[in-house]
Amino acid sequence: MSYCRQEGKDKIIFVTKEDHATPSNAELVADDPNDPYEDQGLILPNGDINWNCPCLGGMASGPCGEQFKSAFSCFHYSTEEIKGSDCVDQFRAMQECMQKFPDLYPQEDDDEEKEKPSKDLEAASTEATVTEEEKGSS
């Protein structure tokens with residue numbers, strides 16, 4: 001026989017093998033699109049953008065959140081032939097804001113510059129090895 005026990009904020013439910021043997025009679029309730037705790041994905045059922053979606057990685061709430069929302073909304077609702085081509089100003093404003101916070105929004109160019117010295121070192125090391133081998137064979 002199953003029973004429940006409350007311990008602080010937790011409710012502990014003990015069930016028997018017989019309880020597990022019978023099929024569940026639980027009824028699923030349709031998702032409430034107004035439930036702020038319900039995961040809805042990026043686009044809500046009504047077509048609006050879900051700014052709380054974890055897929056946005058917090059971009060909507062960071063220091064450039066308003067600029068991000070403006071640019072993303074413009075793109076999402078764009079009806080231009082080339083989608084988002086009417087949103088250049090919003091994306092430029094977002095980019096300018098992000099450049100003010102390089103620690104939060106690292107630029108791709110910075111990553112490429114960091115990689116270049118290591119590639120240059122690899123090339124120099126390879127050239128030195130080839131030169132040493134040529135000297136040894138002469």
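## Disulfides of the predicted model

The disulfides of this protein follow the pattern 1-2, 3-6, 4-5, where the bonded cysteines are counted along the chain. The model is a predicted one, in which local features need pLDDT of at least 70, side-chain atom pairs count only at pLDDT 80 or more, and totals for chains, interfaces and linings use all residues. Residues are numbered from 1 along each chain as its sequence is written, and side-chain values use heavy atoms, with hydrogens and water left out.

**View 1. The link between C53 and C55**. Here a disulfide (a pair of cysteine sulfur atoms within 2.5 Å) joins C53 to C55, with an S to S distance of 2.4 Å. The torsion about this S-S bond is about 130°, so the disulfide is right-handed. C53 has a relative accessible area of 8% and is buried (under 20% relative accessible area; exposed means over 50%, and partly exposed in between, with a 1.4 Å probe and protein chains only).

**View 2. The link between C64 and C97**. The sulfur atoms of C64 and C97 are joined at 2.0 Å, and the torsion of about -90° makes this disulfide left-handed. The pair links distant parts of the chain, 33 residues apart, with C64 in the loop between α1 (17-21) and α2 (65-77) and C97 in helix α3 (residues 88-99); helices are DSSP runs (H or I, at least four residues), numbered from the N terminus. Both C64 and C97 are buried.

**View 3. The link between C74 and C87**. In this disulfide the sulfur atoms lie 2.1 Å apart. C74 lies in helix α2 and C87 in the loop between α2 and α3, so the pair ties together parts that are 13 residues apart in sequence. C74 is buried at 15% relative accessibility, and C87 is buried at 0%.

Note on methods:
Helices (H or I, at least four residues) and strands (E, at least two) are DSSP runs, numbered from the N terminus.
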